[in-house]
Each structure stands twice: as structure tokens, then as C-alpha cells.
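Okay, thanks for coming, everyone. I'd like to walk you through one model today, so let me put it up on the screen.

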Amino acid sequence: MSSTARHTPRKGRAVAEQSRLSLVRRARRMKRCLDEAYPNAHCELDFTTPLELLVAVILSAQCTDERVNEVTPALFARYPRAEDYAGADRAELEAHIRPTGFFRNKASSLLNLGAALVERHDGEVPGTLDALVRLPGVGRKTANVVLGEAFAVPGITVDTHFGRLVRRWGWTESDDPVKVEQEVGSLFPRRDWTMLSHRVIFHGRRVCHSRKPACGACPLARDCPSYGAGPTEFDAAAKLVKGPEREHLLELVATS
């Protein structure tokens with residue numbers, strides 16, 4: 001074997017390692033920008049118990065958090081325990097959750113969820129990923145939200161916004177939520193996962209929109225490989241920025 005042939009694999013590994021290191025460094029710079037942009041990012045669903053959070057996340061499928069928060073006060077008052085969902089009258093339950101959409105499927109999930117919690121966990125929401133994903137209507141996304149918010153267990157929440165942004169940023173190329181969770185999680189310390197998820201989701205709702213991102217008013221623009229997908233002129237982009245953090249975000253960009 002020639003000297004060149006012997007050294008080619010090493011060179012390939014070195015290039016791959018350098019590329020990986022560059023990705024990690026860029027991702028962490030972007031995370032620091034997100035930390036500054038959204039210091040108060042949080043779960044935007046209202047809840048006081050793990051059960052309330054679990055129910056709210058199930059209801060949030062194909063529905064805005066704002067609409068869910070309008071529905072849940074009366075729902076939680078009527079059904080405070082897992083036993084109440086297990087024994088609920090379907091028609092009454094459907095009436096409560098109708099405004100969230102897909103209410104028949106969601107009612108089935110809540111009825112089955114209540115029964116499963118009573119039968120398997122004495123009516124309590126379990127605090128492990130394996131146990132949560134075995135519950136009716138609960139996938140990894142829902143489980144990670146509940147673990148992070150109700151049990152302080154770090155997790156990556158791959159919702160529509162999160163998956164779209166991390167692919168746009170080149171943190172992953174995968175469309176598989178489990179692979180996205182694993183690949184993005186590998187870029188950051190585990191302790192950062194929950195807040196990272198909140199901040200990416202906040203950014204997707206406020207700045208990095210699906211069809212027309214506000215590139216020219218984005219604090220992450222310098223490190224974003226998709227810069228230019230939306231308007232790059234500041235005034236035009238600023239009109240697209242939404243949410244209560246709008247003035248703070250625009251000030252960050254204007255003074256950077």
C-alpha cells in the first residue's frame with residue numbers, strides 16, 4: 001500500500017472531525033444568541049400539575065397554545081384527576097375540547113389515557129420516558145415536554161417549529177423526529193436541552209417563520225446558512241417579527 005493510500009483515511013477522519021467541531025461551535029454560538037434573545041422562554045401552555053400538562057399537550061396537536069389555554073380552565077376544573085378522564089362521559093368531554101379541533105380523536109386519547117394511568121400508575125403521571133410513551137396518545141415529543149416541565153428531566157422537544165429550524169440551520173438533515181432529537185442533543189450539554197427547545201420554538205413563532213423568515217431582523221443571521229430565505233433588509237424584515245419580545249429582538253439586531 002502506498003504512503004498516500006495509508007494516509008487517506010486519516011485525512012478523511014481529520015476533515016470529518018474538523019467539520020463536526022465547526023458545527024458544534026456554530027450551533028453553540030447560535031444557542032448563545034437564543035439565550036440572549038429569549039431569556040424568559042417557557043412552555044406556553046398553562047398548567048399546575050403533571051396531569052394538566054399532559055392533557056394540554058395532547059390537546060395542542062394541530063391547535064395553538066392560546067386556544068388550548070382558553071379551553072383548559074373549565075376542563076381541568078371538571079376533570080382534576082386521571083380517574084375523572086377514565087370515567088368521563090364522551091359527549092360531555094368532546095363538548096369541552098371541541099374548540100381545539102380533532103375533538104373526537106382527542107377525546108378518545110384522554111379517555112384511554114385516564115384509564116391507563118389508573119390501571120398502570122395508580123392515577124399518577126409517570127416520570128420516565130419509557131413509561132410515558134407507552135401511554136395512549138403520548139409520543140416522544142409530548143413525553144419530553146412533560147419530563148422537562150413537570151419533572152425537571154432535560155429533553156429535546158421536536159415539534160414542527162423545532163424540526164423546521166434545526167434543519168434550516170444545518171444542525172441536522174433528518175426528518176425523523178427521533179434522529180433530530182438525537183443529533184441536535186449531541187451538539188449541546190444535556191442540561192441545556194429543555195431551555196434550548198423552548199428558545200428554538202419561540203424563535204420559530206416570532207422570527208424564523210416557515211414561508212417568510214425575518215432574516216434581516218434575526219439575531220442569528222451571522223451564523224445561519226439559510227440567511228436570505230426571507231427579506232434581508234432590516235425595515236422589511238422587522239415588520240415580520242412577532243410576539244412580546246419584538247422590541248427587544250429588534251434592538252439586539254440594530255445594536256449588533
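This is a predicted model: local features need pLDDT of at least 70, side-chain atom pairs count only at pLDDT 80 or more; totals for chains, interfaces and linings use all residues.

Residues are numbered from 1 along each chain as its sequence is written, and side-chain values use heavy atoms, with hydrogens and water left out.

The C-alpha trace spans about 70 × 55 × 25 Å along its principal axes. Accessible surface comes to about 13300 Å², and 50% of that belongs to carbon and sulfur atoms; the areas are Shrake-Rupley, with a 1.4 Å probe, and for residues only the protein chains shown count as cover. When I say contact, I mean heavy atoms within 4.5 Å. Of the contacts between residues at least 6 apart in sequence, 58% join residues at least 24 apart.

Let's go to helix 2, residues 50–59. How many of its 10 residues are buried? Nine, so helix 2 is largely enclosed by the rest of the structure. Among the buried ones are Leu51, Glu52 and Leu53. What do they pack against? Helix 3 (65–78), helix 4 (82–86), helix 5 (90–97), helix 6 (103–121) and helix 8.

Axes here are lines fitted to C-alpha atoms, for helices over the stretch in contact, and angles run from 0 to 180 degrees between N-to-C directions. Under 35 degrees counts as roughly parallel, over 145 as roughly antiparallel, 65 to 115 as roughly perpendicular, and the rest as oblique. Helix 2 and helix 8 are therefore roughly antiparallel. On the helix 2 side you'll find Pro50, Leu53, Leu54 and Val57, meeting Thr142, Val145, Val146, Glu149 and Ala150 of helix 8. That set divides into seven nonpolar, one polar and one charged. Nonpolar covers Ala, Val, Leu, Ile, Met, Phe, Trp, Tyr, Cys and Pro; charged is Asp, Glu, Lys and Arg; the others, Gly among them, are polar.

Next pair: helix 9 (residues 160–168) and helix 11 pack at about 85°, axes 8 Å apart. That makes helix 9 roughly perpendicular to helix 11. This contact has five nonpolar, four polar and two charged residues.

Stay on helix 11, residues 193–206, and find Arg199. Is Arg199 buried or exposed? Buried, at 13% relative accessibility. Leaving aside neighbours within four places in sequence, Arg199 is in contact with Leu34, Asp35, Tyr38, Pro39 and Ala41.

Last stop, two loop residues. Gln62, between helix 2 and helix 3, has a positive phi of about 55° although it is not a glycine. Gln62 is exposed, at 69% relative accessible area. Phe102, in the loop between helix 5 and helix 6, is not a glycine either, and has a positive phi of about 50°. Phe102 counts as exposed too, at 53%.

Terms used. Helices (H or I, at least four residues) and strands (E, at least two) are DSSP runs, numbered from the N terminus. Buried means under 20% relative accessible area, exposed over 50%, partly exposed in between (1.4 Å probe, protein chains only).
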